[in-house]
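Here are a few exercises to work through with the model open beside you. Try each task on your own before you read its solution.

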Amino acid sequence: MPSAQHLVVGITGASAPHLGIHLLRSLRQLGTVETHLVISRAAVRTIEIETGLRLAEVAALADVFHPRGDIAASIASGSFRTMGMAVVPCSMKTLAGIAHGYSDDLLTRAADVCLKERRPLVLVARETPLSLVHLRNMVAVTEAGATVLPPMPAFYQRPQSIDDLLAHLTGKVLDQFAIEHDLYPRWQGLAESDQPAQGALL
(Lines give C-alpha, C1' and ligand atoms only; values in the text may rest on other atoms or scores of the structure.)
Protein backbone atom coordinates (compact mmCIF):
# COMPACT_ATOMS: atom_id res chain seq x y z
CA MET A 1 0.00 0.00 0.00
CA PRO A 2 2.77 2.48 -0.95
CA SER A 3 0.43 5.38 -1.84
CA ALA A 4 -1.91 5.03 1.13
CA GLN A 5 -2.29 7.61 3.84
CA HIS A 6 -0.89 6.62 7.23
CA LEU A 7 -2.91 6.61 10.45
CA VAL A 8 -1.24 5.92 13.79
CA VAL A 9 -3.30 3.85 16.27
CA GLY A 10 -2.36 3.55 19.91
CA ILE A 11 -3.88 1.10 22.39
CA THR A 12 -3.25 1.71 26.09
CA GLY A 13 -3.96 -0.26 29.25
CA ALA A 14 -7.39 1.23 29.94
CA SER A 15 -10.30 -1.19 30.09
CA ALA A 16 -12.04 -1.99 26.77
CA PRO A 17 -9.20 -2.71 24.33
CA HIS A 18 -12.07 -3.99 22.17
CA LEU A 19 -12.48 -0.38 21.05
CA GLY A 20 -9.01 -0.24 19.49
CA ILE A 21 -9.29 -3.74 18.06
CA HIS A 22 -12.60 -2.88 16.38
CA LEU A 23 -11.01 0.24 14.90
CA LEU A 24 -8.13 -1.80 13.45
CA ARG A 25 -10.47 -4.43 12.00
CA SER A 26 -12.70 -1.78 10.45
CA LEU A 27 -9.75 0.03 8.87
CA ARG A 28 -8.45 -3.25 7.46
CA GLN A 29 -11.85 -3.92 5.88
CA LEU A 30 -12.00 -0.42 4.41
CA GLY A 31 -8.53 -0.84 2.91
CA THR A 32 -8.05 2.88 2.32
CA VAL A 33 -5.60 3.69 5.12
CA GLU A 34 -2.27 2.18 6.18
CA THR A 35 -2.34 1.64 9.95
CA HIS A 36 0.69 2.01 12.21
CA LEU A 37 0.05 0.40 15.59
CA VAL A 38 1.78 0.88 18.93
CA ILE A 39 0.61 -0.80 22.14
CA SER A 40 1.55 0.25 25.66
CA ARG A 41 3.01 -2.14 28.22
CA ALA A 42 -0.17 -2.19 30.31
CA ALA A 43 -2.33 -2.76 27.23
CA VAL A 44 -0.67 -6.12 26.58
CA ARG A 45 -1.99 -7.39 29.91
CA THR A 46 -5.42 -5.77 29.52
CA ILE A 47 -5.84 -7.31 26.07
CA GLU A 48 -5.04 -10.76 27.45
CA ILE A 49 -7.44 -10.39 30.40
CA GLU A 50 -10.40 -8.81 28.61
CA THR A 51 -10.24 -10.33 25.12
CA GLY A 52 -8.19 -13.53 25.41
CA LEU A 53 -6.08 -12.38 22.46
CA ARG A 54 -2.29 -12.41 22.36
CA LEU A 55 -0.17 -9.41 21.43
CA ALA A 56 0.81 -11.02 18.12
CA GLU A 57 -2.84 -11.48 17.14
CA VAL A 58 -3.65 -7.80 17.68
CA ALA A 59 -0.41 -6.66 16.04
CA ALA A 60 -1.37 -8.67 12.95
CA LEU A 61 -4.45 -6.48 12.47
CA ALA A 62 -2.26 -3.48 11.61
CA ASP A 63 -0.29 -2.89 8.44
CA VAL A 64 2.76 -1.89 10.50
CA PHE A 65 3.40 -2.74 14.15
CA HIS A 66 5.91 -0.71 16.15
CA PRO A 67 7.31 -1.96 19.49
CA ARG A 68 6.65 0.61 22.21
CA GLY A 69 10.37 0.95 22.97
CA ASP A 70 11.44 1.68 19.40
CA ILE A 71 11.95 5.41 19.66
CA ALA A 72 13.65 5.30 16.22
CA ALA A 73 10.41 4.16 14.56
CA SER A 74 9.03 6.21 11.67
CA ILE A 75 6.09 7.53 13.72
CA ALA A 76 8.50 9.08 16.25
CA SER A 77 9.45 11.76 13.71
CA GLY A 78 7.40 14.65 12.45
CA SER A 79 9.03 14.21 9.04
CA PHE A 80 7.02 10.98 8.63
CA ARG A 81 3.73 12.32 7.32
CA THR A 82 0.53 10.87 8.76
CA MET A 83 -3.16 11.71 8.94
CA GLY A 84 -2.75 11.89 12.70
CA MET A 85 -3.25 9.49 15.56
CA ALA A 86 -6.08 7.85 17.50
CA VAL A 87 -5.43 6.47 20.99
CA VAL A 88 -8.20 3.93 21.55
CA PRO A 89 -8.74 3.48 24.43
CA CYS A 90 -6.69 6.15 26.17
CA SER A 91 -5.85 5.56 29.82
CA MET A 92 -5.65 8.41 32.30
CA LYS A 93 -1.91 7.73 32.66
CA THR A 94 -1.36 8.16 28.94
CA LEU A 95 -3.63 11.18 28.88
CA ALA A 96 -1.55 12.77 31.65
CA GLY A 97 1.68 12.05 29.80
CA ILE A 98 0.38 13.59 26.58
CA ALA A 99 -1.11 16.59 28.39
CA HIS A 100 2.24 17.44 29.99
CA GLY A 101 4.61 16.48 27.18
CA TYR A 102 6.04 13.50 29.05
CA SER A 103 6.96 11.10 26.23
CA ASP A 104 8.37 8.03 27.97
CA ASP A 105 7.63 5.54 25.17
CA LEU A 106 6.81 5.46 21.45
CA LEU A 107 3.07 5.81 22.01
CA THR A 108 3.30 9.09 23.89
CA ARG A 109 6.05 10.32 21.57
CA ALA A 110 3.86 9.67 18.52
CA ALA A 111 1.05 11.61 20.18
CA ASP A 112 3.44 14.45 20.98
CA VAL A 113 4.49 14.51 17.32
CA CYS A 114 0.85 15.00 16.28
CA LEU A 115 0.49 17.95 18.63
CA LYS A 116 3.68 19.67 17.55
CA GLU A 117 2.94 19.10 13.85
CA ARG A 118 -0.68 20.27 14.30
CA ARG A 119 -2.11 16.95 13.15
CA PRO A 120 -5.37 15.46 14.44
CA LEU A 121 -4.95 13.59 17.72
CA VAL A 122 -8.03 11.75 18.98
CA LEU A 123 -8.04 10.42 22.53
CA VAL A 124 -10.80 7.96 23.41
CA ALA A 125 -10.47 8.61 27.12
CA ARG A 126 -11.71 5.67 29.17
CA GLU A 127 -12.40 6.15 32.89
CA THR A 128 -15.38 6.69 35.17
CA PRO A 129 -16.04 8.59 37.31
CA LEU A 130 -13.64 11.37 36.40
CA SER A 131 -11.52 13.14 39.01
CA LEU A 132 -10.60 16.81 38.85
CA VAL A 133 -7.08 15.75 37.78
CA HIS A 134 -8.55 13.83 34.82
CA LEU A 135 -10.74 16.75 33.80
CA ARG A 136 -7.88 19.23 33.98
CA ASN A 137 -5.71 16.98 31.84
CA MET A 138 -8.52 16.73 29.30
CA VAL A 139 -8.70 20.52 29.18
CA ALA A 140 -4.92 20.70 28.75
CA VAL A 141 -4.81 18.32 25.77
CA THR A 142 -7.81 20.03 24.20
CA GLU A 143 -6.09 23.39 24.50
CA ALA A 144 -3.00 21.81 22.90
CA GLY A 145 -5.06 20.73 19.88
CA ALA A 146 -6.24 17.19 20.66
CA THR A 147 -9.83 15.94 20.56
CA VAL A 148 -11.13 14.07 23.60
CA LEU A 149 -13.72 11.57 22.37
CA PRO A 150 -15.07 9.49 25.26
CA PRO A 151 -16.65 6.14 24.28
CA MET A 152 -20.21 7.19 25.04
CA PRO A 153 -22.87 4.98 23.44
CA ALA A 154 -25.56 6.50 21.25
CA PHE A 155 -29.02 5.00 20.96
CA TYR A 156 -30.72 6.97 18.17
CA GLN A 157 -29.65 4.22 15.75
CA ARG A 158 -31.28 1.64 18.04
CA PRO A 159 -28.29 -0.71 18.53
CA GLN A 160 -29.08 -4.40 18.75
CA SER A 161 -25.68 -5.66 19.91
CA ILE A 162 -22.39 -4.68 21.48
CA ASP A 163 -20.89 -4.73 18.00
CA ASP A 164 -23.37 -2.03 16.96
CA LEU A 165 -22.11 0.14 19.81
CA LEU A 166 -18.48 -0.53 18.88
CA ALA A 167 -19.21 0.31 15.24
CA HIS A 168 -20.73 3.63 16.22
CA LEU A 169 -17.71 4.59 18.31
CA THR A 170 -15.33 3.51 15.55
CA GLY A 171 -17.31 5.57 13.07
CA LYS A 172 -17.09 8.64 15.29
CA VAL A 173 -13.31 8.22 15.44
CA LEU A 174 -13.03 7.82 11.66
CA ASP A 175 -15.15 10.95 11.18
CA GLN A 176 -12.43 12.96 12.95
CA PHE A 177 -10.04 12.01 10.14
CA ALA A 178 -12.59 12.41 7.33
CA ILE A 179 -12.34 8.69 6.52
CA GLU A 180 -15.43 7.54 4.62
CA HIS A 181 -17.36 4.62 6.12
CA ASP A 182 -20.84 3.18 6.59
CA LEU A 183 -20.38 1.78 10.09
CA TYR A 184 -23.53 3.34 11.49
CA PRO A 185 -26.65 5.08 10.13
CA ARG A 186 -26.33 8.84 10.27
CA TRP A 187 -29.17 10.85 11.75
CA GLN A 188 -31.43 12.18 8.99
CA GLY A 189 -34.22 13.57 11.14
CA LEU A 190 -37.54 11.92 11.86
CA ALA A 191 -39.63 10.52 9.06
CA GLU A 192 -43.07 12.11 8.77
CA SER A 193 -44.66 8.91 10.10
CA ASP A 194 -42.52 9.15 13.25
CA GLN A 195 -43.41 12.76 14.04
CA PRO A 196 -45.35 13.20 17.33
CA ALA A 197 -49.00 14.08 17.06
CA GLN A 198 -49.73 17.79 17.20
CA GLY A 199 -49.85 18.89 20.81
CA ALA A 200 -48.49 15.59 22.10
CA LEU A 201 -45.47 17.27 23.67
CA LEU A 202 -47.30 20.31 25.03
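**Exercise 1.** Find the largest pocket and work out which residues line it.

*Solution.* Start with the space itself: the largest pocket holds about 280 Å³. A pocket here is an open set of points on a 1 Å grid over the protein atoms alone, with protein on both sides within 12 Å along at least five of seven lines; a cavity is a set of points where a 1.4 Å probe fits but cannot get out, and lining residues have an atom within 4 Å of a point. Volume is the space filled by probe spheres set on the points, with grid points joined across faces, edges and corners. Next, look at the lining: of its 16 residues, S40, K93, T94, D104 and D105 are the closest to the centre. Helix 2 (41-51) and helix 4 are the elements that give two or more residues, and helix 4 has the largest share, with 3 residues. Helices (H or I, at least four residues) and strands (E, at least two) are DSSP runs, numbered from the N terminus. Finally, sort by class: 3 nonpolar, 8 polar and 5 charged residues. Ala, Val, Leu, Ile, Met, Phe, Trp, Tyr, Cys and Pro count as nonpolar, Asp, Glu, Lys and Arg as charged, and the others, Gly among them, as polar.

Before you go on, note that this is a predicted model, in which local features need pLDDT of at least 70 and side-chain atom pairs count only at pLDDT 80 or more, while totals for chains, interfaces and linings use all residues. Residues are numbered from 1 along each chain as its sequence is written, and side-chain values use heavy atoms, with hydrogens and water left out.

**Exercise 2.** Describe the second largest pocket, and name the element that gives the most to its lining.

*Solution.* The volume of the second largest pocket is about 210 Å³. Among its 13 lining residues, L19, P151, L165, L166 and L169 lie closest to the centre. Two or more residues come from each of helix 1 (18-30) and helix 7, and helix 7 gives the most, with 5 residues. The class count for the second largest pocket is 10 nonpolar, 2 polar and 1 charged.

**Exercise 3.** At what angle do helix 1 and helix 7 pack?

*Solution.* The angle is about 70 degrees, and the axes are 9 Å apart. Axes are lines fitted to C-alpha atoms, for helices over the stretch in contact, and angles run from 0 to 180 degrees between N-to-C directions. Helix 1 is therefore roughly perpendicular to helix 7 (angles of 65 to 115 degrees count as such, under 35 as roughly parallel, over 145 as roughly antiparallel and the rest as oblique). Now list the contacts (heavy atoms within 4.5 Å): helix 1 brings H18, L19, H22, L23, S26, L27 and L30, and helix 7 brings D163, L166, A167, L169, T170, V173 and L174. By class, 9 are nonpolar, 4 polar and 1 charged.

**Exercise 4.** Which residues line the largest cavity?

*Solution.* The structure holds 1 cavity of 30 Å³ or more, and the largest cavity has about 40 Å³ of space. V8, I75, S77, F80, T82, A110, V113, C114 and R119 line the largest cavity. Helix 5 (residues 106-116) has the largest share of this lining, 3 residues. The lining divides into 6 nonpolar, 2 polar and 1 charged residues.
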